[in-house]
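Some questions about how the terms used for this model are applied. Each answer sets a value against its definition.

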Amino acid sequence: MKQPLLLIAAGGTGGHMFPAQALSEAMLNRGWSVKLSTDTRGARYTDGFSNAIETELVSSASFSQSGLLSKVVAPFQIGAGVLTATMKMKRELPSVVIGFGGYPTIPAMVAATLLGLPRMIHEQNGVLGRVNQLFVKYVHNVACGTWPTDLPDGVEAIHTGNPVRTAVRQRAQAPYI
């Protein structure tokens with residue numbers, strides 16, 4: 001029997017990547033196959049991810065970057081990422097796509113939406129980040145790390161807490177130096 005595939009999409013900061021890493025560890029332990037979709041900024045945080053996880057670098061960009069050229073180029077970079085992500089997902093058909101926020105989440109979440117794949121987001125903070133705001137009404141489930149989280153009217157969420165990496169849990173009882 002083929003393992004179910006989880007595609008995790010996460011942005012380029014530790015605030016997005018560390019909870020994504022924690023979920024990837026848990027799902028590998030449950031027998032899932034896991035892939036990570038991020039950009040070059042996010043790839044800086046992948047050293048802690050299991051070698052069993054394939055990292056796919058996608059083209060993405062932020063509209064909040066300074067400079068006119070960056071703002072003009074951003075939609076094309078995101079569009080290229082969406083096209084690449086859609087083609088890969090059509091071949092692999094993940095069982096679920098989970099976005100943790102950050103601009104590198106956009107291509108995977110748009111592709112999953114276009115393909116009608118099951119998808120959810122996880123918000124680590126009490127207020128939705130910009131990218132999670134874009135997708136909150138287009139996903140099947142919303143998980144929140146803190147409670148209450150400020151959500152749009154009509155959106156229900158599950159309070160899951162923030163996933164914690166094994167390396168952090170192992171140090172939980174360590175004395176403070």
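Q: Which residue in strand 5 is the bridge partner of Val 97?

A: The bridge partner of Val 97 is Arg 119 in strand 5. This is a predicted model, in which local features need pLDDT of at least 70 and side-chain atom pairs count only at pLDDT 80 or more, while totals for chains, interfaces and linings use all residues. Residues are numbered from 1 along each chain as its sequence is written, and side-chain values use heavy atoms, with hydrogens and water left out.

Q: What makes strand 4 and strand 5 a pair?

A: Two strands pair if DSSP finds at least two bridges between them. Strand 4 and strand 5 have three bridges, in the parallel sense, so they pair under that definition. Strands are DSSP runs of E with at least two residues, helices are runs of H or I with at least four, and both are numbered from the N terminus.

Q: Why is the crossover from strand 4 through helix 4 to strand 5 called right-handed?

A: The term applies if, with the strands pointing away from the viewer, the path from the first strand over the helix to the second runs clockwise. The β-α-β crossover from strand 4 through helix 4 to strand 5 is right-handed. The crossover from strand 5 through helix 5 to strand 6 is right-handed, and strands 5 and 6 pair in the parallel sense over four bridges.

Q: What makes strand 3 and strand 7 edge strands?

A: The open sheet has seven strands in the order 3-2-1-4-5-6-7, with parallel pairing. Strand 3 (54-57) and strand 7 (158-159) each have a single partner strand, so one side of each is left without a neighbour in the sheet.

Q: How do you know that strand 1 is largely enclosed?

A: Buried means under 20% relative accessible area, exposed means over 50%, and partly exposed lies in between (1.4 Å probe, protein chains only). Five of the five residues of strand 1 are buried, so the strand is largely enclosed by the rest of the structure. Leu 5, Leu 7 and Ala 9 point one way, and Leu 6 and Ile 8 the other. In a regular strand the side chains alternate between the two faces of the sheet.

Q: Which residues of strand 2 and strand 4 stand opposite Ala 9?

A: Ala 9 stands opposite Ser 37 in strand 2 and opposite Gly 99 in strand 4. Strand 1 pairs in the parallel sense with strand 2 over five bridges, and four bridges join strand 1 to strand 4, again in parallel.

Q: Why is Leu 68 called exposed?

A: Leu 68 has a relative accessible area of 69%, so it counts as exposed. This residue lies in helix 3. Leu 93, in the loop between helix 3 and strand 4, is called exposed because its relative accessibility is 52%.

Q: What is the phi of Leu 93?

A: Phi of Leu 93 is near 40 degrees, a positive value in a residue other than glycine. Most residues other than glycine have a negative phi, and most peptide bonds are trans. The peptide bond from Trp 147 to Pro 148 is cis, with omega near 0 degrees.

Q: What makes a set of residues a nonpolar core?

A: The members are buried Ala, Val, Leu, Ile, Met, Phe, Trp, Tyr and Cys residues joined through side-chain atoms within 4.5 Å. The largest such core has 26 residues, and Met 89, Val 97, Ile 121, Phe 135 and Val 142 touch the most other members. Apart from it lies another core of 16 residues, among them Met 17 and Val 34.

Q: Which residues does Met 89 touch?

A: Contact means heavy atoms within 4.5 Å. Leaving out residues up to four places away in sequence, Met 89 touches Leu 7, Pro 94, Val 97, Ala 108, Ala 111, Ala 112, Leu 115 and Leu 117.

Q: What makes the approach of His 16 to Phe 100 a polar contact?

A: A polar contact is a pair of N or O atoms within 3.5 Å; within protein, one must be able to donate a hydrogen and the other to accept it, and residues adjacent in sequence count only if both atoms are side-chain atoms. A polar side-chain atom of His 16 lies 2.8 Å from the backbone oxygen of Phe 100, so the distance falls within the cut-off. His 16 is found in helix 1 (residues 14-29).
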